[in-house]
Amino acid sequence: MEIAPGVYDLTPPRRGYLKGGFVHAFLIQDGQDLILIDTLFDADAQVILDQIHALGKTVSDLKHIILTHGHRAHLGGLATLKKLSGARIYAHPWEADIVSGDRTQQGVNLRPISSSLVVWPILFFGTLLGPLSNHKPAQVDKLIDEGDQIGPVRVLYTPGHTPGHLAFYYPEKRALFTGDAFVTWPLICPGWPNAMLNEKQTWASLRRLAELDVQAIGVGHGNPIVQNGKQVLQELAARGKL
Ligand SMILES: [Zn+2]
Ligand SMILES: [Zn+2]
């Protein structure tokens, strides 16, 4: 699905969709080049390769792979895509040695929250986190941080969910890619209370994102928001107590 001109939402077919926690990735067509944001769960990267071919492109047109953060569900196809395309891999310094396999990802507290959502976090994070399966490591080629630019995409530092979490803004298309800064599955939620390593930072990051001129938002888990993105972010940010 195209969520903005030249911006494609990538998600596995229904079967197997749950195992990455309804994870999504995004492909941007920038002239001749393709830019990929995150790499889904599956190590074969087939969904991403299929989308590249559907655009009449080949895997060698994939030039840049930019990562929101170093969690398993977003790193599945990374090593395969690197091998096939030779694309440059970009990540924040705090996440890069997780991506390369030199450090395990940080633990997330699976303590249930006291509400009707109790079941969800266990299901959600149990499938995404923990040592159940590891991603195939890949070296990060370039460390990125706030203010860096990859083609038409600007890097925003949005810590909270993880210390090195990044979002990516494509101002020309009014599109924003927010990784796990918030989720839309199973409901629009400003970060699960037990999955924010730093809750205060999470809220600050959301407030900051809510200031941008945004129509479409590609989130890490759940369906993208295709219109009124700014309003959605403003409503989310307003829930913050910290
Ligand atoms: Zn995550
Ligand atoms: Zn995630």
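1. Two strands count as paired here if DSSP finds at least two bridges between them. Keep in mind that you're looking at a predicted model. Ala-4 has Val-7 in β2 as its bridge partner.

2. Have a look at the turn of that hairpin. There are 2 residues between β1 and β2, and Gly-6 has a positive phi near 75°.

3. β2 also pairs with β3 (residues 25-30), again antiparallel, through 4 bridges. If you want a spot to check on screen, find Tyr-8, which sits opposite Leu-27 in β3.

4. Further along there's an open sheet of 5 strands, ordered β8-β9-β10-β11-β12, with mixed pairing. Its edges are β8 (149-150) and β12 (216-219), each of which pairs on one side only. Within this sheet, β10 (residues 166-170) and β11 (residues 175-179) are antiparallel and share 3 bridges. Tyr-170 is bridged to Ala-175 in β11.

5. Now for a pair of helices. α5 (residues 199-209) packs with α6 (residues 229-238) at about 150°, their axes lying 8 Å apart. An angle over 145 degrees counts as roughly antiparallel, so α5 is roughly antiparallel to α6. Their crossing is left-handed.

6. Which residues in α5 and α6 meet? From α5 they are Leu-206, Arg-207 and Leu-209, and from α6 they are Leu-233, Leu-236 and Ala-237. By type, the contact of α5 with α6 has 5 nonpolar residues, 1 charged and no polar ones.

Key: Residues are numbered from 1 along each chain as its sequence is written. Chains are lettered from A and ligands numbered from 1 in the order in which they are written. This is a predicted model: local features need pLDDT of at least 70, side-chain atom pairs count only at pLDDT 80 or more; totals for chains, interfaces and linings use all residues. Axes are lines fitted to C-alpha atoms, for helices over the stretch in contact, and angles run from 0 to 180 degrees between N-to-C directions. Angles under 35 degrees count as roughly parallel, over 145 as roughly antiparallel, 65 to 115 as roughly perpendicular and the rest as oblique. A crossing is left-handed if the near helix is turned anticlockwise from the far one by less than a right angle, and right-handed if clockwise. Two residues are in contact if their C-beta atoms, placed from the backbone, lie within 7 Å. Ala, Val, Leu, Ile, Met, Phe, Trp, Tyr, Cys and Pro count as nonpolar, Asp, Glu, Lys and Arg as charged, and the others, Gly among them, as polar.
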